[in-house]
Amino acid sequence: MSQKGKRIFPIILLSVILIITVCIVVGSTIGNNQESNIQPNSPISTEKQAIEIALPLAQTYIQKPDQHKDYSIATTKATFEQSDRSYWFVEIGFKVERDECYCVPASGYVVAVWADTGETDHHGPIYHNSPKYEVGTFKVSVDRANEIAWPLSQAYARENNRVITILSSSYNLDNRPYWDVIVQFEAIENAKGETFGNQKGVGGYYISVWADTGEIRGHDVLNTIGF
């Protein structure tokens with residue numbers, strides 16, 4: 001090899017190594033972006049997995065017979081929430097296909113999915129019962145309101161041996177906006193196979209949360225009427 005070739009060869013070799021390195025780095029970056037939803041330490045590690053768990057619950061809700069409304073699923077979104085026990089908060093938006101009453105339609109369905117097991121913590125319809133409602137107009141989100149309310153309803157359920165079956169949240173735009181969070185309890189069956197509510201007809205529990213501060217506005221039991 002000529003002296004000139006000997007001088008050029010290291011430069012060419014270095015250029016080839018540099019190109020290969022750049023390709024590896026770029027490929028890794030693209031791969032990381034594509035897998036940005038993955039939480040490697042959680043069995044339910046992607047948004048898609050969380051939505052697949054939550055979707056049947058929303059579909060069951062909108063398939064219930066309703067003489068006045070028909071819904072379809074319009075949007076799906078899952079957000080990974082890190083806390084003492086991490087979970088996915090899944091929001092499923094509804095489109096009202098038919099509305100033949102003046103009652104407020106459900107705007108969607110929310111499901112909290114534990115990331116470590118895939119089980120659901122709570123789920124239920126959500127109502128934005130004000131024409132002035134817009135996402136982001138309140139400081140306390142529905143997810144945060146549910147988190148604030150959940151320990152109160154859980155405590156009552158444990159103390160009275162009740163099983164929580166569904167959670168629903170509605171946003172009330174009054175002089176001071178607030179969230180109403182309602183949990184329903186599983187009906188109790190007696191020896192004859194008849195279902196009824198105990199604790200003098202208690203069918204659920206409600207917690208009202210101020211949307212501007214997250215403070216508890218009020219909470220109490222709900223009777224079986226209307227459930």
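**Figure 1. Arg 85 and its salt-bridge partner, Asp 116.** Arg 85 counts as partly exposed in this predicted model, because its relative accessibility is 33%. Its side chain meets that of Asp 116 in a salt bridge, with N and O 3.1 Å apart. Arg 85 sits in the loop between strand 1 and strand 2, while Asp 116 belongs to the loop between strand 3 and strand 4 (120-128), so the pair ties together parts that are 31 residues apart in sequence. Asp 116 is partly exposed too, at a relative accessible area of 39%. Side chains of opposite charge can pair when their charged atoms come close.

Figure 2. A search of the whole structure turns up 5 salt bridges.

**Figure 3. Arg 176, Asp 212 and Glu 215, a salt-bridge network.** These three residues are linked in a network of salt bridges. Within it, the side chains of Arg 176 and Asp 212 meet at 3.1 Å, N to O. That pair links distant parts of the chain, 36 residues apart: Arg 176 is in the loop between strand 5 and strand 6 (178-185), and Asp 212 in the loop between strand 9 and strand 10. Arg 176 is partly exposed at a relative accessible area of 30%, and Asp 212 counts as partly exposed at 31% relative accessibility.

**Figure 4. The hairpin of strand 9 and strand 10.** Strand 9 (residues 202-210) and strand 10 (residues 216-223) run antiparallel, joined by 7 bridges. Look for Gly 204, whose bridge partner in strand 10 is Leu 222. The hairpin has 5 residues between its strands, and Gly 214 in the turn has a positive phi of about 80°.

**Figure 5. Val 111, tucked away in strand 3.** Val 111 lies in strand 3 (residues 108-114). It is buried, with a relative accessible area of 0%. Leaving out residues up to four places away in sequence, Val 111 touches Ala 54, Leu 57, Trp 88, Phe 89, Val 90, Thr 120, His 122 and His 123. Leu 57 is 54 residues from Val 111 in sequence, yet their C-alpha atoms are 8.1 Å apart.

**Figure 6. Helix 2 and its kink.** Helix 2 (residues 47-62) has 16 residues and reaches 22 Å from first C-alpha to last, close to the 22 Å expected at 1.5 Å a residue. A kink of about 30° lies at Ala 54, shortly before the proline Pro 56. Ala 50, Ile 51, Ala 54, Ala 58 and Tyr 61 are buried in this helix.

Figure 7. Asn 161 lies in the loop between helix 3 and strand 5 (164-172). Its phi is near 55°, a positive value in a residue other than glycine. Asn 161 counts as exposed, at 70% relative accessibility.

Key: Residues are numbered from 1 along each chain as its sequence is written. Side-chain values use heavy atoms; hydrogens and water are left out. Two strands pair if DSSP finds at least two bridges between them. Helices (H or I, at least four residues) and strands (E, at least two) are DSSP runs, numbered from the N terminus. Buried means under 20% relative accessible area, exposed over 50%, partly exposed in between (1.4 Å probe, protein chains only). The expected span of a helix is 1.5 Å times one less than its number of residues. The bend at a residue is the angle between axes fitted to the seven residues ending there and the seven starting there. Contact means heavy atoms within 4.5 Å. A salt bridge is a side-chain nitrogen of Lys or Arg within 4 Å of a carboxyl oxygen of Asp or Glu.
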